[in-house]
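Me: Please take a close look at one part of this model, its packing. Give the cut-off for each term as you use it.

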Amino acid sequence: MASTHGNHPSHKHDAHAEHAHAGPKLYWIFAAILCVITFFEWIIFKKKEAFGIPNAVMIWTLLSLSLVKFVMVCGWYMHLRFDNKMLTNIFVFAGLLAIAVFIMMKLSLPAMG
Amino acid sequence: MSDAAHAHHTTTGIENRKFAMWVLIASECFLFGTLIANYLVNKARSISGPTPQEVYKIDVTTLSTFDLLMSSVAMVLALHYCKEKELRKFQFWTFMVVLGGLIFLGFQYHEFSTFVLHDGLGLSTNIFGSSFYLLTGCHGAHVTVGVLWMSSILITSLIKGAEWFNSEIVEVAGLYWHFVDVVWIIIFTVVYLFVYV
């Protein structure tokens, strides 16, 4: 892995793409969006009964909002969106394994539900 | 050491330390996936209290979530100014990352001490307490490591000044910090907000 093989054009392209798309202004916009989403999550939790939100709707809404935050931090703050796709594949594979662990644990203890 | 001294290419096209950090993050996904699964499977199986509904203070946890999200912004700004070689701004935002991490740990200390002293929820009180402290304690330990790492980067930059600009090291530390933030995003939702589910 450490051996050298000359220039990688994709590297230069990635660096250029990152420079073109990300900067302090974008990071602050994302920060504001992340805060607004977290505020919405808190509101949904606090006003669940007042609004009469069913449990299933609340679960999927909160999971969706959480996923948006997850993608924003991984994609832009961690630069996965601009980086080598191999890194995304490693991360996604690990995430899928983690979900598989949860499903196996849940299925392995059916009697206690 | 400057960036130029570190510039090299690899067979993967990814800098070695960065690749290693992503492999570490992948293994950490597995670790936290297991701990979260353990918590979700066991949280409602306690034969005695206190229960999650009785002890969680969502308002305080929401504030600590805001804090960690803002520290992630500080981290990405620190990396940006490191690449731009703006020393003072880089040091300021690195300090803000450390401060954000310390505030988060303060929130966690407050939460844990309230649970133990006020609510009577210890590590071995019931299976909810065990799985909760294992998960959030492990996350807190990761935040502590991140704070120490960022502090060492800040101190090194303060000592060496403008001679020290190593964006590869800052980027790898940043990846770790953002991952800790991402894990908390999941914990905040599935552990705290799903308390009545």
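Reply: Of the 113 residues of chain A, 19% count as buried (20 or more other C-beta atoms within 10 Å of a residue's own, placed from the backbone; 12 or fewer is exposed, and in between is partly exposed). The model is predicted, so local features need pLDDT of at least 70 and side-chain atom pairs pLDDT 80 or more, while totals for chains, interfaces and linings use all residues. Residues are numbered from 1 along each chain as its sequence is written, and chains are lettered from A and ligands numbered from 1 in the order in which they are written.

Chain A has 5 helices and 0 strands (DSSP runs numbered from the N terminus: H or I of at least four residues for helices, E of at least two for strands). Its pattern along the sequence is α-α-α-α-α.

Within chain A, helix 2 (residues 24–46) packs against helix 4 (residues 55–77) at an angle of about 165°, the axes being 10 Å apart (axes are lines fitted to C-alpha atoms over the stretch in contact, and angles run from 0 to 180 degrees between N-to-C directions). Helix 2 and helix 4 of chain A are therefore roughly antiparallel (over 145 degrees; under 35 is roughly parallel, 65 to 115 roughly perpendicular, the rest oblique). Their crossing is left-handed (the near helix is turned anticlockwise from the far one by less than a right angle; clockwise is right-handed). Helix 2 of chain A brings residues including Phe30(A), Ile33(A), Leu34(A) and Glu41(A) to this contact, and helix 4 of chain A brings residues including Met58(A), Leu65(A), Lys69(A) and Trp76(A) (in contact means C-beta atoms, placed from the backbone, within 7 Å). By class, the contact has 12 nonpolar, 1 polar and 2 charged residues (nonpolar: Ala, Val, Leu, Ile, Met, Phe, Trp, Tyr, Cys and Pro; charged: Asp, Glu, Lys and Arg; polar: the others, Gly among them).

Helix 2 of chain A also meets the other chain. Its axis comes within 10 Å of that of helix 4 of chain B, and the two cross at roughly 170°, so these helices too are roughly antiparallel. Among the residues that meet are Tyr27(A), Leu34(A), Thr38(A) and Trp42(A) from helix 2 of chain A, and Thr62(B), Phe66(B), Val73(B) and Leu77(B) from helix 4 of chain B. This contact divides into 14 nonpolar, 4 polar and no charged residues.

Not counting residues up to four places away in sequence, Ala78(B) touches Phe90(B), Trp93(B), Thr94(B), Val97(B) and Val170(B).

Helix 4 and helix 5 of chain B pack at about 160°, axes 8 Å apart, and are therefore roughly antiparallel. Their crossing is left-handed, and their contact has 17 nonpolar, 5 polar and 3 charged residues.

Conventions. Contact = placed C-beta atoms within 7 Å.
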